[in-house]
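Subject: Structure handover

Hello,

Here is the structure I promised to pass on. Please open it first, then read my notes below.

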Amino acid sequence: QTSLFLLAPVQMAPTPASMCTPLKTLNDSLSHRRRYMKHNFPINYTIRVHQHEVFKLSNISRMRLQVEGLDELVLQRLWFQVNQGVLKKILRVMPERHPSRPYTAELEIRFRDAEGVFVHSHPAEVFQQELPEVIQDTWDHLTEEPDRVPESRWRYASPKSLLDNFCHTMHCLFSECFASKEAQQDCDRTGILGGFLLPFY
């Protein structure tokens with residue numbers, strides 16, 4: 001079922017300059033995702049992920065609409081939590097000799113490097129602050145033990161589509177590191193400019 005939301009302007013928090021180097025390195029790796037996440041897998045191949053790990057630009061829009069004045073840092077924290085799980089699940093389905101495993105392992109290392117810089121770029125108390133209810137609810141679902149997750153919360157997605165989401169949401173949430181038309185288009189699609197009606201599914 002399709003519903004419509006009126007998109008409102010949001011406040012953008014500045015991204016620490018130290019974040020840009022590891023994120024650009026990560027972005028360089030993601031630029032090869034088509035080769036490694038599509039060509040080396042069977043046609044229509046999918047893996048099982050938590051529904052909240054299918055994290056798209058529309059999810060960001062919805063959260064911004066649900067929480068007035070939502071701090072961008074909160075969404076950035078959630079982005080790291082989501083994609084940590086995504087990378088683990090992609091790696092888990094790959095045999096040791098899979099041709100895309102070295103690429104994915106390197107991508108995870110670069111992701112962890114960026115996460116480390118992110119954590120050290122902010123005071124420790126920032127990460128101890130209470131999260132808005134809608135974000136905390138998502139966080140709690142993401143950290144559930146897999147055997148306690150109801151079947152209805154699992155989704156099937158291709159490795160490439162998951163990394164597409166990874167890349168597009170990174171460009172939006174850390175747009176100051178990606179001063180390009182692509183990054184701006186990604187953010188525009190989440191309603192930063194406001195005043196547009198977009199469908200959510």
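A search of the whole structure finds nine salt bridges. By salt bridge I mean a side-chain nitrogen of Lys or Arg within 4 Å of a carboxyl oxygen of Asp or Glu. Side chains of opposite charge can pair when their charged atoms come close.

Before the details, some ground rules. This is a predicted model, so local features need pLDDT of at least 70 and side-chain atom pairs count only at pLDDT 80 or more, while totals for chains, interfaces and linings use all residues. Residues are numbered from 1 along each chain as its sequence is written, and side-chain values use heavy atoms, with hydrogens and water left out.

**Confidence**

pLDDT is the predictor's confidence in each residue, from 0 to 100. The chain average is 84. A pLDDT of at least 70 is reached by 82% of the residues. Residues 1–13 are below 50. That stretch still has 45 contacts in the model beyond near neighbours in sequence. A contact means heavy atoms within 4.5 Å. Residues 190–201 also stay under 50, with 44 contacts beyond four places in sequence. Where pLDDT is low, the predicted coordinates should not be read in detail.

**Layout**

The chain has eight helices and four strands. Both are DSSP runs numbered from the N terminus: helices are H or I, at least four residues, and strands are E, at least two. From the N terminus on, the order is β-α-α-β-α-α-α-α-β-α-α-β.

Of the 201 residues, 47% count as buried. Buried means under 20% relative accessible area, exposed means over 50%, and partly exposed lies in between (1.4 Å probe, protein chains only). Take contacts between residues at least 6 apart in sequence: 86% of them join residues at least 24 apart.

**Salt bridges**

Lys 89 and Glu 53 meet through their side chains, 3.1 Å from N to O. Lys 89 lies in helix H4 (residues 72–92), and Glu 53 in the loop between strand S2 (47–50) and helix H3 (57–66), so the pair ties together parts 36 residues apart in sequence. Lys 89 counts as buried, at 16% relative accessibility. Glu 53 is buried too, at 5%.

Arg 153 and Glu 144 form another salt bridge, at 3.3 Å from N to O. Arg 153 is partly exposed, with a relative accessible area of 22%. Glu 144 is partly exposed at 26%.

Lys 160 and Asp 164 pair at 2.8 Å, N to O. Both lie in helix H7 (residues 159–173), four residues apart, about one turn of the helix.

**Nonpolar core**

A nonpolar core is a set of buried Ala, Val, Leu, Ile, Met, Phe, Trp, Tyr and Cys residues joined through side-chain atoms within 4.5 Å. The largest one here has 47 residues. Leu 23, Leu 26, Trp 79, Leu 163 and Phe 174 have the most contacts inside it. Elements giving two or more residues to this core include helix H1 (17–30), helix H2 (33–39) and helix H5 (101–120). H4 gives the largest share, 10 residues.

**Aromatic rings**

A search of the whole structure finds 12 aromatic pairs. Rings of Phe, Tyr and Trp (its six-membered ring) pair if their centres lie within 6.5 Å; planes under 30 degrees apart count as stacked, over 60 as edge-to-face and the rest as tilted.

The ring centres of Trp 79 and Phe 111 are 5.8 Å apart, with planes at 50°, so this pair is tilted. Trp 79 is in helix H4 and Phe 111 in helix H5, so the pair ties together parts 32 residues apart in sequence. Both residues are buried.

Phe 80 and Phe 118 have ring centres 4.8 Å apart and planes at 35°, so they too are tilted. This pair also links helix H4 to helix H5, across 38 residues. Phe 80 and Phe 118 are both buried.

Ring pairs join Trp 79, Phe 80, Phe 111, Phe 118, Phe 127, Phe 166 and Phe 174 into a cluster.

**Trp 139**

Trp 139 is in helix H6. Leaving out residues up to four places away in sequence, Trp 139 touches Arg 77, Leu 78, Gln 81 and Leu 131.

Best wishes
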